[in-house]
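Hello,

Here is the structure I promised to pass on to you. Have a look at it first, and then read on for what turned up.

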Number of protein chains: 2
Amino acid sequence: MQKVTMADVAREAGVSKSTVSQFLNKRYEYMGEKTKRKIEEAIEALGYQPNFIARSLKQKRTSMVGIIVANITHYFSTEVTRAIEDFCHQHDLHAIVCNADDDPEKEKKYIEMLQAKQVDGLIIFPTGKNNELYKSMVKQGYPVVFVDRSVEELEVFSVITDNAQSTYRAIQHFINGGHKHIAFAVQPLTVSTRMERLEGYKKALRDAGLEINPDFITEASIPEMKGKLKKLFSLDVKPTALFAANDRVFMAVTEFLKEKGIQPGKDIELVVFDNIPFLHLLETPISFITQPAAEMGTKAAELLFQQINQEEKEPEVFVFPSRLT
Amino acid sequence: MQKVTMADVAREAGVSKSTVSQFLNKRYEYMGEKTKRKIEEAIEALGYQPNFIARSLKQKRTSMVGIIVANITHYFSTEVTRAIEDFCHQHDLHAIVCNADDDPEKEKKYIEMLQAKQVDGLIIFPTGKNNELYKSMVKQGYPVVFVDRSVEELEVFSVITDNAQSTYRAIQHFINGGHKHIAFAVQPLTVSTRMERLEGYKKALRDAGLEINPDFITEASIPEMKGKLKKLFSLDVKPTALFAANDRVFMAVTEFLKEKGIQPGKDIELVVFDNIPFLHLLETPISFITQPAAEMGTKAAELLFQQINQEEKEPEVFVFPSRLT
DNA sequence: GGTGTTTGATAAACCGGTTTAGTAGAATGT
DNA sequence: ACATTCTACTAAACCGGTTTATCAAACACC
């Protein structure tokens, strides 16, 4: 396979390994013109390609960063990830993406694995259940940025959206439109985003003087969602509007409605927290709370980049506003 | 940061580095129980985490593979990539994803970069314009799998779909439905997939005894697409059906139709080559040619894995059938 | 001409593991 | 009792770069 090493180049050019290394690192300060040329020719002749791994070992810098996504099946995650990758490629970094699958154990495994791989930093969509680990990373001064979900009691760079507020505005919008029976569908309330969205919903109802009806709050995992929705729609008072707390919930909801022949926009109003790709292009009667995923990803990457390059700053939480469309 | 090395563990445990290495690699054959315990304790006490980079240097195996995607903005690409990543994670590999952006120069840069990073193999959605490079990789015996697009004159593992055939069937379906004026929108015919899809279209028309009208074939880049479509819809004879050669073309088409107030399903029939996420859940009147993206990704990963593990086999092209839905 | 500085290049240590060859000492065979 | 094999462990080379300390030659200065 590839076996031309720097030693081969040095021999071919009649110089020492060190000189070749200087050349490759463009430290030309004290280097003769003919030496440069000889090395250039030798590299060309042998088709030499440097070995990054060897360099990384000495330099303790791999130019790789890790992204640990809580759940890659969210479209939002892939958008953020893509923005991070774009930023990385522009700054000569490479990203390794891992999917923790909402499992704290997996998350832990990946954090350790990526640190063993000596990645220069991590961007994490935290499951929120590995506080000890998060804390020790931060204490060590290891470059980390958290995205999407906030972790309490931790001084760390974070990039999130205003979950409660934008949900509040969306629900308010419905109320202003005359809706009195607004349902809320969400996965188990295990992470901050879901709880904040629910809070926004409740506050909007309260502020409008509407009663919070527990029957209208459907909390279920994706596989159970359809079953629970069936209960919701067999109530005497049926919801006229439904809030889906994220895209996967929306998917379950849509499947359910399709099976039941309930038409969005006609029989029920729908809002989803999250953008659904392409859907805005069609004449669908569905509203979206769209997070600025790309900007958030870019910001996260930038914050990580600064930490990697030792630009000392105080940890800060960046809140990006979402938009109702 | 992290500075506990194997030497530290060895000292702490009162044994040699080699023994610690043996222990970590679970080569217990000739190892005393107390030695094992001492090492275990030392690792625990010091919080030692091995350095993969150092291991990789010696072993010439990084447990990383590269994925070079021609254009990550295709939903198909992300689906395939995700399947590859899943497979990798299951087999203790990590994937690095690069987006060549349909640019052969970028593709070349990434191939070289990833080889410099010593990745164990590459899965490439080829731009098709780096044949020399592809050839040299294959000749060197470097593990490679091609996905989505086939490269001529090259004995290499490939995973593709039957572009011409499935397009043929879709067009035939329209013809059977009574359509006579079927338009075809495609990006510049620079890669095999687009050409094959166009061939399928033409053959279906020919076989049905319909004329191939060059005005009905819109070949344009995404930014130019809307302008060219305007021309198409200002013809005397207007198309009653439109084939979008991939999801990005579909997006441009849909934007255009929305602006013009032309309704899919009512004013015009639409087919897209590619699945559009979520869209099948709604009552949309759009047809899709869906490639089995996940299966294709898994297959590609599997083929790469076999090559990395030296399971010698003859290169083969795997054609996965697409489905009209 | 002696001293100091700049220029150009190198030998050797180093990064943190893996691997090979080797070595005591104990156990076994005859 | 002596040769042989097994067991448990280690020293040192190695992977392919980077970096540090060093050195010779050329040049500058007074």
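B:Lys226 is partly exposed, at 28% relative accessibility, and its salt-bridge partner is B:Glu259, with the closest N and O atoms 2.8 Å apart. This pair ties together distant parts of the chain: B:Lys226 sits in helix α10 (residues 222–232) of chain B and B:Glu259 in helix α11 of chain B, 33 residues apart. B:Glu259 counts as exposed because its relative accessibility is 56%, where the cut-off for exposed is over 50%. Please keep in mind that this is a predicted model.

**Other salt bridges**

How many salt bridges does the rule count over all chains? The total comes to 18.

B:Asp207 forms a salt bridge with B:Lys203, and here the closest N and O atoms are 3.0 Å apart. Both B:Asp207 and B:Lys203 belong to helix α9 (residues 192–207) of chain B, where four residues, about one turn of the helix, lie between one position and the other. B:Asp207 is partly exposed, with a relative accessible area of 46%, and B:Lys203 is partly exposed too, at 42%.

The other pair is B:Asp101 with B:Lys106, whose side chains meet in a salt bridge at 3.3 Å, N to O. B:Asp101 has a relative accessible area of 40% and is partly exposed; B:Lys106, at 31%, is also partly exposed.

In chain A, a network of salt bridges links A:Asp102, A:Asp148 and A:Arg149.

**Where the chains meet**

What does the interface look like in numbers? Chain B contributes 52 residues to the contact and chain A contributes 52 residues. About 4,800 Å² is buried between chain B and chain A, and carbon and sulfur atoms give 67% of that area. On the chain B side, the elements that each supply at least two residues touching chain A are α4 (52–59), α5 (75–90), β2 (94–99), α6 (104–116) and α11 (247–260). How many salt bridges does the rule find across the interface of chain B and chain A? It finds zero. Polar contacts are found there, though: four residue pairs, with both residues at pLDDT 80 or more.

Chain A has an open sheet of six strands with mixed pairing, in the order β7-β6-β8-β9-β10-β12. Its edge strands are β7 (217–219) and β12 (323–324), each of which pairs on one side only. Within this chain, strand β9 (residues 269–273) and strand β10 (residues 286–290) run parallel and are joined by four bridges. A:Phe273 has A:Ile289 as its bridge partner in β10(A).

Strand β5 (residues 157–161) of chain A is likewise parallel to β11(A), and four bridges join the two. One of the residue pairings is A:Val159 with A:Phe318 in β11(A). Which residues of strand β11 (residues 317–320) of chain A lie on the covered face, and which on the uncovered one? A:Phe318 and A:Phe320 make up the covered face, while A:Val317 and A:Val319 make up the uncovered one.

**A buried asparagine and a helix start**

A:Asn163 lies in helix α8 (residues 163–176) of chain A. The residue counts as buried because its relative accessible area is 2%, against a cut-off of under 20%. Leaving out residues up to four places away in sequence, A:Asn163 touches A:Thr193, A:Glu196, A:Arg197 and A:Phe273. With A:Arg197 there is a polar contact between the two side chains, at 2.7 Å.

At its start, a side-chain oxygen of A:Asn51 comes within 2.8 Å of the backbone nitrogen of A:Ile53. After α4(A) comes A:Lys60, with a positive phi near 55°.

Best wishes

Definitions and conventions:
Residues numbered from 1 in each chain as written. Chains lettered and ligands numbered in written order. Predicted model: local features only at pLDDT ≥ 70, side-chain atom pairs only at ≥ 80, totals over all residues. Heavy atoms only, no water. Buried < 20%, exposed > 50% of the residue type's maximum accessible area, 1.4 Å probe, protein only. Pairing = 2+ DSSP bridges. Contact = heavy atoms within 4.5 Å. Buried area = accessible area lost by both parts, 1.4 Å probe. Salt bridge = Lys/Arg side-chain N within 4 Å of Asp/Glu carboxyl O. Polar contact = N/O pair within 3.5 Å; in protein donor to acceptor, adjacent residues only side chain to side chain.
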